[in-house]
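Let's take a walk through this protein together. Have the sequence and the 3D view ready, and follow along as we go.

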Amino acid sequence: MRLHLCTWPQVEAYLARSNAVVLPIGSTEQHGPTGLIGTDALCAEAIARGVGERLEAMVAPTLPVGMAQHHMAFPGSMTLKPSTLLALLEDCLLSLARHGFARVLVVNGHGGNAATLSAAFAETQMVLDGWSPRPDFRTRLVNWWELAGIDRLSAELYGDAVGSHATPPEVAVTWSLFPETADARVLKPRIAARAPFHSAADFRARFPDGRIGSDPSLAKPEHGARLLAAAVDEIAEIGRAFFSAP
Ligand code: NI
């Protein structure tokens with residue numbers, strides 16, 4: 001059940017039986033020379049939709065742009081300042097809370113969003129407490145690439161070539177969704193460098209093609225389908241417990 005494809009009476013009827021909502025958030029940023037700019041949003045959306053179907057839970061529209069400052073030296077990347085993202089998340093969470101949603105499961109596709117998401121959860125709770133206490137309101141963050149099952153499957157499929165950006169698991173998920181975009185050409189070096197980075201220019205200087213520690217040429221659409229199914233399975237269990245907890 002997708003919020004943007006419902007009418008308001010349908011949402012009202014849903015809220016009479018459930019206060020659960022799944023909120024996908026991604027990013028719009030370079031993912032190396034062969035990965036899609038929308039990778040993080042596409043992964044989060046596909047996983048959230050699967051979880052929503054499994055649990056018959058409402059799925060909010062995907063927030064497509066996140067905090068991607070360090071990718072801004074690559075064309076096509078878009079970013080929100082952390083303060084803008086915080087304000088956007090707070091307003092979205094308060095809107096959902098206003099209608100009676102009280103269990104918000106955030107499926108996140110991008111590491112750069114995680115700190116601001118945690119801040120937004122605290123900010124929203126404070127605003128709710130200040131206006132009219134909502135001790136029932138709960139938020140929960142799931143970074144899909146950190147799930148135990150995804151970690152296991154990624155290691156099995158890609159060994160030490162997973163890396164941390166433009167990774168074969170996330171690239172495989174997008175290629176399973178849009179097989180016509182698959183580009184498995186081998187890149188040089190085969191496994192990209194890893195290092196700490198600072199500004200956007202520093203990122204591009206250290207990682208000239210945009211990858212960090214990864215070899216996305218190993219990705220295959222059929223891996224993506226397996227990873228997607230594993231993520232949906234694991235997050236659906238997290239969601240089931242979270243939605244039904246007192
Ligand atoms: Ni990504």
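## The nickel site

In this predicted model, three residues coordinate the nickel ion: H31 through NE2, D40 through OD and E170 through OE, at 1.9 to 2.1 Å. Read along the sequence, these donor residues follow the spacing H-x8-D-x129-E. H31 sits in the loop between β1 (20-25) and α2 (39-55), while E170 belongs to helix α6 (residues 168-177), so this pair ties together parts that are 139 residues apart in sequence.

Are H31 and E170 buried or exposed? H31 has a relative accessibility of 1%, so it counts as buried. E170 counts as buried too, because its value is 8% and the cut-off for buried is under 20%.

## Helix α5 against helix α8

Now find helix α5 (residues 148-158) and helix α8 (residues 221-244), which pack with their axes 9 Å apart at an angle of about 160°. The two helices are therefore roughly antiparallel to each other, and α5 passes α8 in a right-handed crossing.

Which residues make the contact? On the α5 side they are A148, G149, I150, L153, S154, E156, L157 and Y158, and on the α8 side H223, R226, L227, A230, A231 and E234. Sorted by class, this contact has 8 nonpolar, 3 polar and 3 charged residues.

## Helix α2 against helix α8

Helix α8 also meets α2: their axes come within 8 Å and cross at roughly 55°. That makes α2 and α8 oblique to each other. Here, α2 passes α8 in a right-handed crossing.

To trace this contact in the 3D view, look for A46, I47, G50, V51, R54 and L55 in α2. Their partners in α8 are L228, A231, V232, D233, I235, A236, G239, R240 and F243. The residues of this contact divide into 10 nonpolar, 2 polar and 3 charged.

## A look at D209

Where is D209 found? D209 lies in the loop between α7 (200-206) and α8. With a relative accessible area of 22%, D209 is partly exposed.

Leaving aside residues up to four places away in sequence, D209 touches Q30, G32, P33, F74, L187 and K188.

Note on methods
Residues numbered from 1 in each chain as written. Predicted model: local features only at pLDDT ≥ 70, side-chain atom pairs only at ≥ 80, totals over all residues. Heavy atoms only, no water. Donors = N, O, S within 2.8 Å, 3.2 Å for Na, K, Ca; no water. Helix = DSSP H or I, 4+ residues; strand = E, 2+ residues; numbered from the N terminus. Buried < 20%, exposed > 50% of the residue type's maximum accessible area, 1.4 Å probe, protein only. Axes fitted to C-alpha atoms, helices over the stretch in contact; angles between N-to-C directions. Parallel < 35°, antiparallel > 145°, perpendicular 65-115°, else oblique. Left-handed = near helix turned anticlockwise from the far one by under 90°. Contact = heavy atoms within 4.5 Å. Nonpolar A, V, L, I, M, F, W, Y, C, P; charged D, E, K, R; others polar.
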